[in-house]
Amino acid sequence: MTTVDVLTFNLNNPSRERAQRQLEYLAARPEHVLVLTETADSAGCDLLASRFTVAGYDVTFPQPVRGERGVMVVSRLATRPGPGSVVGYLPHRAVSVTVDTDEGPLDVIGLYVPSRDATSTKTIRKSRFLDACRAALPEGEGLRVVIGDFNILEPSHTPRYRFFQPFEYGFYAWLGESGYLDAFRALHPEALEYSWVGRTGDGYRYDHVHTSAGLATALITCAYVHEVRTAEDRLTDHSALTVSFALRATAPLAVSTPMARAAALF
């Protein structure tokens with residue numbers, strides 16, 4: 001392997017039928033590590049976790065309680081718990097693993113930040129989670145990726161939406177102040193691309209990947225994968241986001257095709 005590639009994909013808490021279609025798509029993707037957001041204690045997410053596990057992937061899935069959402073990390077590389085694993089509030093929404101590369105350990109931290117509406121309850125909940133992430137996530141040193149559905153926008157987002165609050169823009173700014181680089185924006189400084197589009201056609205760049213300064217020279221590509229959201233038989237309501245680094249993984253797993261193993265065992 002001459003690159004290490006990571007994909008974030010919002011599952012949108014799939015039904016079992018849609019999870020099967022997502023499984024087929026994700027198993028065919030070239031990325032080594034899949035950060036799957038908006039997981040739940042559901043039949044669809046259980047199907048994905050079990051079939052990837054049976055096929056030999058490392059699966060990290062702290063299952064959320066009923067009614068909650070979280071993150072699942074599926075890897076074709078051997079993993080171990082990474083830094084930032086213990087976020088003190090809604091910990092199932094922050095999942096961290098470490099994989100080994102020829103340049104040293106690479107930490108992959110997957111986030112699914114709560115969405116909110118105008119109510120104080122959901123606003124406080126989101127603010128509290130972002131504060132917990134600031135307290136738990138290490139600074140942007142070494143080889144580290146923070147990736148997922150952040151449900152926040154960059155301060156310079158076009159268009160500007162009045163209902164976003166300073167604490168939401170503040171988390172994006174804090175990542176930069178802590179040594180992280182917005183990988184998509186670094187490679188596409190003027191691009192207007194959106195990972196979620198509302199019913200009125202308004203676009204939002206909610207899904208992000210931020211890398212440590214030590215990974216900046218290894219960053220090759222970062223791009224949104226829109227067809228999973230825009231195709232007629234769409235798999236989810238978010239575009240996926242892929243990132244590639246000039247690294248070589250040193251502990252690949254001997255994985256098989258999940259569907260083939262599943263057919264034999266289920």
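Predicted model: local features only at pLDDT ≥ 70, side-chain atom pairs only at ≥ 80, totals over all residues.
Residues are numbered from 1 along each chain as its sequence is written, and side-chain values use heavy atoms, with hydrogens and water left out. Helices (H or I, at least four residues) and strands (E, at least two) are DSSP runs numbered from the N terminus.

- An open sheet is formed by six strands in the order 3-4-2-1-14-13, with mixed pairing, where two strands pair if DSSP finds at least two bridges between them.
- Strand 3 and strand 13 (219-225) stand at the edges with a single partner strand each, so one side of each is left without a neighbour in the sheet.
- On average, and with direction ignored, neighbouring strands of this sheet are turned by 15 degrees against each other; axes are lines fitted to C-alpha atoms, for helices over the stretch in contact, and angles run from 0 to 180 degrees between N-to-C directions.

- Strand 4 (residues 70-75) is mostly covered, six of its six residues being buried.
- In a regular strand the side chains alternate between the two faces of the sheet.
- Six bridges pair strand 4 with strand 2 (residues 33-39) in the antiparallel sense, and L36 stands opposite M72 of strand 4.
- Strand 3 (residues 58-60) also runs antiparallel to strand 4, joined to it by three bridges; V59 stands opposite V74, and T60 has V73 as its bridge partner.

- Helix 1 (residues 16-28) lies across strand 1 (4-10), strand 2 and strand 13, and runs at about 165 degrees to strand 1.
- From its first C-alpha to its last, helix 1, with 13 residues, reaches 19 Å, close to the 18 Å expected at 1.5 Å a residue; the expected span is 1.5 Å times one less than the number of residues.
- Helix 2 (residues 43-54) lies across strand 2, strand 3 and strand 4, running at about 20 degrees to strand 4.

**Helices 3 and 4**

- Helix 3 has 17 residues and reaches 24 Å between its first and last C-alpha, close to the 24 Å expected at 1.5 Å a residue.
- The buried residues of helix 3 are T123, K126, F129, L130, A132 and C133, and what covers them includes strand 6 (94-101), strand 7 and helix 4.
- For the twelve residues of helix 4 (residues 166-177), a span of 16 Å should result at 1.5 Å a residue, which agrees with the 16 Å between its end C-alpha atoms.
- In helix 4, E168, Y169, F171, Y172, W174 and L175 are buried, and these residues pack against strand 7 (104-112), helix 3 (120-136), strand 9 (180-182) and strand 12 (207-212).
- G179, which follows helix 4, has a positive phi, near 100 degrees.

**Individual charged residues**

- R229, found in helix 6 (residues 227-230), is buried yet has no salt bridge, and E193, the nearest side chain of opposite charge, is 7.6 Å away.
- A salt bridge is a side-chain nitrogen of Lys or Arg within 4 Å of a carboxyl oxygen of Asp or Glu; Lys and Arg count as positive and Asp and Glu as negative, while His and the chain ends are not counted.
- Leaving aside neighbours within four places in sequence, R229 is in contact (heavy atoms within 4.5 Å) with Y194, S195, W196, V197, R234, T236, D237, H238 and S239.
- D41 lies in the loop between strand 2 and helix 2 and counts as partly exposed at 22% relative accessibility.
- Not counting residues up to four places away in sequence, D41 touches D46, Q63, P64 and R66.
- R248 lies in the loop between strand 14 (240-245) and helix 7 (258-265) and is partly exposed, with a relative accessible area of 40%.

Methods
Buried < 20%, exposed > 50% of the residue type's maximum accessible area, 1.4 Å probe, protein only.
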